[in-house]
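Please look through the sequence and the model shown here before reading on. The paragraphs after it are meant to be read with both in view.

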Amino acid sequence: MSIYNYTKYLNPQNKILLEEYKKANQNEMWVTSIILSLTIIDNILSDENNLDYVDGLDINHFKNSRDFHWLRLRRNQILHYEGPKEGFLGNENSVNVLKKDSLRANKILKKCFLDLFK
């Protein structure tokens, strides 16, 4: 099932972010995709209206997952420069690293939708 089937659960802001996320992936904007994936997840987790659809235990389980922590760390590495990071070294492999990380971020976003909006 596609994450776009879950838009009925999203607030207007997150619907727009999801459309931007879709465009970023279509245009191979890997960094933007990584950043937006966590932004969408954070928006879902902080939206009190989602409590009508989402179980608190599922939120807690997801927030404590290794993947969620990896995504937050990777996004923070991108946004907050603290020296050279993999994917930003300007070599041939940089694009591949960012694409791979974007694919992982996409899997985490899908898992968020599937786990929380059962």
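The model is a predicted one, in which local features need pLDDT of at least 70 and side-chain atom pairs count only at pLDDT 80 or more, while totals for chains, interfaces and linings use all residues. Residues are numbered from 1 along each chain as its sequence is written, and side-chain values use heavy atoms, with hydrogens and water left out.

Buried stands for under 20% relative accessible area, exposed for over 50%, and partly exposed for what lies in between, with a 1.4 Å probe and protein chains only. The largest such core has 28 residues, and those that touch the most other members are I40, I41, I44, L71, F113 and L116. At least two residues of this core come from each of α1 (12-26), α2 (30-46), α3 (56-63), α4 (66-79) and α5 (93-116), and the largest share, seven residues, is supplied by α2. Helices in this naming are DSSP runs (H or I, at least four residues), numbered from the N terminus. In soluble globular proteins, nonpolar side chains tend to be buried together. For F113, the contacts (heavy atoms within 4.5 Å) are with I3, Y6, L10, I40 and I44, when residues up to four places away in sequence are not counted.

The helix α1 has 15 residues and reaches 22 Å from its first C-alpha to its last, close to the 21 Å expected at 1.5 Å a residue, where the expected span is 1.5 Å times one less than the number of residues. Which residues of α1 are buried? They are N14, L17, L18, Y21 and A24, and because they cover an arc of only 120° around the axis, they lie on the same side of α1; the arc is that of the directions from the helix axis to the C-beta atoms. An α-helix has 3.6 residues a turn, so residues three or four places apart point the same way. The face of α1 turned away from this buried side carries the exposed residues P12, I16 and Q26, whereas the cover over the buried residues includes α2 and α5.

After α1 comes E28, which lies in the loop between α1 and α2 and has a positive phi of about 55° although it is not a glycine. With a relative accessible area of 54%, E28 is exposed.

The next helix, α2, has 17 residues and reaches 25 Å from its first C-alpha to its last, close to the 24 Å expected at 1.5 Å a residue. Its buried residues include W30, I34, I40, I41 and I44, and what covers the buried residues of α2 includes α1, α3, α4 and α5.

Aromatic rings can be followed next. Rings of Phe, Tyr and Trp (its six-membered ring) pair if their centres lie within 6.5 Å, with planes under 30 degrees apart counted as stacked, over 60 as edge-to-face and the rest as tilted. By this rule there are six aromatic pairs. The rings of F62 and F68 have their centres 5.4 Å apart and their planes at 50°, so the pair is tilted; both F62 and F68 are buried. Ring pairs also link Y6, Y9, F113 and F117 into a cluster.

D115, in helix α5, counts as buried at 19% relative accessibility and touches D58 and F62, not counting residues up to four places away in sequence. S94 also lies in helix α5 and is buried, with a relative accessible area of 7%. In helix α4, H69 counts as partly exposed at 46% relative accessibility, and a polar atom of the H69 side chain lies 3.2 Å from the backbone oxygen of K63.

Definitions and conventions:
A nonpolar core is a set of buried Ala, Val, Leu, Ile, Met, Phe, Trp, Tyr and Cys residues joined through side-chain atoms within 4.5 Å. A polar contact is a pair of N or O atoms within 3.5 Å; within protein, one must be able to donate a hydrogen and the other to accept it, and residues adjacent in sequence count only if both atoms are side-chain atoms.
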